[in-house]
Each structure stands twice: as structure tokens, then as C-alpha cells.
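Look over the sequence and the model first.

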Amino acid sequence: MAETLHSDQHPPGIEAGERTERLWARSMTAAMVVLLGVIVFSSAHWGLHPPSRVETIDSTSLHEGGEFSEANLGTSIAADGSAVVRVVAQQYAFVPNCLLVPAGVPVTMRLASADVVHGFLIQGTNINAMVLPGYVTTVRTTFADSGERLMPCHEFCGVGHQAMWAHVRVVEAGQFPSDEAKAKVVSCAR
Ligand code: CUA
């Protein structure tokens, strides 16, 4: 029926329909341009990287020395009095498996994976991050209260995933072996 009409013989209603179509086409084009702009801006501005300070590491040689060598894993006290906890996540354990930290002191946690993607969260806190091979995951926090908390791996990492968890033991600053932690590292690993 429409084919039999000339363009100047539109029945009433067709022109209004075309106007609406054009309006929709324009607004959808504008929406796509805005969304594309957001994608370009956010990937250029933040970079498509893991969501922490981007710091890379060779995950295949952690045990050969450097920051994440075995002797460095655990809690040390920095010159400014804050605590630094270094942990390796690997199939299927955190090393050390019990972290000893003082309450009321700024704590920087640094984690590296020796193999695949692991998850790291500390129950009762808002700490929740991924540990990706090739990157160092850094989390800063201060534990207000002493007590024992669970730290399970929450990212499926293989057949032993459900058995992969550690403890975080927060002790009052006076009970924390600060002198020992200034000289080397401490933990409550068993
Ligand atoms: Cu490590 Cu799941």
C-alpha cells in the first residue's frame, strides 16, 4: 500500500512518525558517542590494569630472592613505626598461613601470587582484593580491635581452592614483638 503513494502524498501521521524516528536515531547516536567517549577516557585515564597501584613482579621467580623470598614473608616494622606484611599466595596456601599484626597501627599488606589468580579477603573488614600473577597487590588498613580473623581465598584457583585460607591475628600494640619485627619478620605461622 505504501508503494503506491508519492512522497508528497503521505497520509497524515507518516511525517510525525518520521520525525520521531529521526529524533530516536539522533539521540541513540548521541548516547553511543557518549558511551564510547567514557570507554576511551576511562581506559586511557586509569589504564586497563588491576585496581590497585600498578606494580609488576616476575611471579615465576619469587622464591629466588627479593622482596617475596621466604625469609621476608611475614610482618616487619618500618622505620616510621608502621607495619608491612608480605604474603605469597600459591596453590593452595598463603605463606605465612597466620599473619601477626598490631592493632591501632597503620598496616600495609603486600601480596604476590606464585602461580594463578587468588583472592584475598579478611573477614570482618572491608579488605577484599585479587592477587594476580605478575602484579603486587597492595592494601593499606589499620585494625582497630585485637582478635583473630579468617582470611580465605575467595577466587577459584584449582582443586584445592576451598582449603586455601589463613588467619590474621591482631594483637594489642604492647603485645606485638616490635623489636623482633624491626630486625626481621614475625608471624604466627604454624
Ligand atoms: Cu587460592 Cu582459591
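Does glutamate 55 count as buried, partly exposed or exposed? This is a predicted model. At 23% relative accessibility, glutamate 55 counts as partly exposed, because the buried class ends under 20%.

**Salt bridges**

The structure holds five salt bridges. Three of them are listed here.

| Pair | Closest N to O distance |
|---|---|
| Glutamate 55 and arginine 110 | 2.7 Å |
| Arginine 86 and glutamate 67 | 2.5 Å |

Shared partners join Glu55, Glu67, Arg86 and Arg110 into one network. Glutamate 67 lies in the loop between α1 and β1 and arginine 110 in strand β5, so their bridge ties together parts 43 residues apart in sequence. Arginine 86 sits in strand β2 (residues 83-90), so its bridge to glutamate 67 ties together parts 19 residues apart.

Arginine 110 is buried, at 8% relative accessibility. Arginine 86 is buried too, at 19%. Glutamate 67 is partly exposed, at 26%.

**A buried threonine**

Threonine 75 belongs to strand β1 (residues 74-77). Its relative accessible area is 0%, so threonine 75 is buried. A polar atom of its side chain lies 2.7 Å from the backbone oxygen of leucine 100. Beyond its neighbours within four places in sequence, threonine 75 contacts residues including Val84, Val101, Phe176 and Val185.

**A surface patch**

Trp24, Met28 and Met32 form a nonpolar surface patch, with about 370 Å² of accessible area together. Tryptophan 24 is in helix α1 (residues 14-46). Tryptophan 24 is exposed, with a relative accessible area of 54%.

Key: Residues are numbered from 1 along each chain as its sequence is written. This is a predicted model: local features need pLDDT of at least 70, side-chain atom pairs count only at pLDDT 80 or more; totals for chains, interfaces and linings use all residues. Side-chain values use heavy atoms; hydrogens and water are left out. Patches are made of residues with over 30% relative accessible area and no salt bridge: like charges are joined within 9 Å, nonpolar side chains (Val, Leu, Ile, Met, Phe, Trp, Tyr) within 5 Å. Accessible areas come from the Shrake-Rupley method with a 1.4 Å probe; for residues, only the protein chains shown count as cover. A salt bridge is a side-chain nitrogen of Lys or Arg within 4 Å of a carboxyl oxygen of Asp or Glu. Helices (H or I, at least four residues) and strands (E, at least two) are DSSP runs, numbered from the N terminus. Buried means under 20% relative accessible area, exposed over 50%, partly exposed in between (1.4 Å probe, protein chains only). A polar contact is a pair of N or O atoms within 3.5 Å; within protein, one must be able to donate a hydrogen and the other to accept it, and residues adjacent in sequence count only if both atoms are side-chain atoms. Contact means heavy atoms within 4.5 Å.
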